[in-house]
Amino acid sequence: VTRAPSKFCHVCARTGARLGLISCTGGVAATTRSRGDVKKEGSKGRAQCRKSFCTQCLEDAACDVREISLLARRREWSCLHCQKLCSERAKCKRNKTKAQGGGARH
């Protein structure tokens, strides 16, 4: 069973109901395989990416949203995370900063 794409933007955490979300269709996440994810053939134990990005955050990253939409419909779009192009605002970067002790400020 393949898990559904995220309903929240990987960068700003807004939901698709507020802004259109485009989900990764071609990437294999470099993160640890989580329970319920389906391995992509030949992925060496990595999980199929489920990350989504809202159109506003894609535009902020200077991405061509129309082109990405076309690629996603053809299941050929690897998201910014899979391309290792996440902004500093992205959830993965924020979590990494917190893990390194830089998240809390007093």
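Are F53 and W77 buried or exposed? Select the two residues: both are buried, where buried means under 20% relative accessible area, exposed over 50%, and partly exposed in between, using a 1.4 Å probe and protein chains only. Before moving on, note that this is a predicted model, in which local features need pLDDT of at least 70 and side-chain atom pairs count only at pLDDT 80 or more, while totals for chains, interfaces and linings use all residues. Residues are numbered from 1 along each chain as its sequence is written, and side-chain values use heavy atoms, with hydrogens and water left out.

Stay with the rings. A search of the whole structure finds one aromatic pair (rings of Phe, Tyr and Trp, the last by its six-membered ring, with centres within 6.5 Å; planes under 30 degrees apart are stacked, over 60 edge-to-face, the rest tilted). F53 and W77 form this edge-to-face pair, 6.1 Å centre to centre with 85° between the planes.

For C12, the nearest cysteine sulfur belongs to C57, 3.7 Å away. For C49, the nearest is that of C82, at 3.6 Å.

Finally, look for charges. There are two salt bridges (a Lys or Arg side-chain nitrogen within 4 Å of an Asp or Glu carboxyl oxygen). Select R74 and E76, whose side chains meet at 3.1 Å, N to O. Then select E88 and K93, where the closest N and O atoms are 3.6 Å apart. E88 is exposed at 61% relative accessibility, whereas K93 is partly exposed at 27%.

Notes:
Disulfide = S-S within 2.5 Å.
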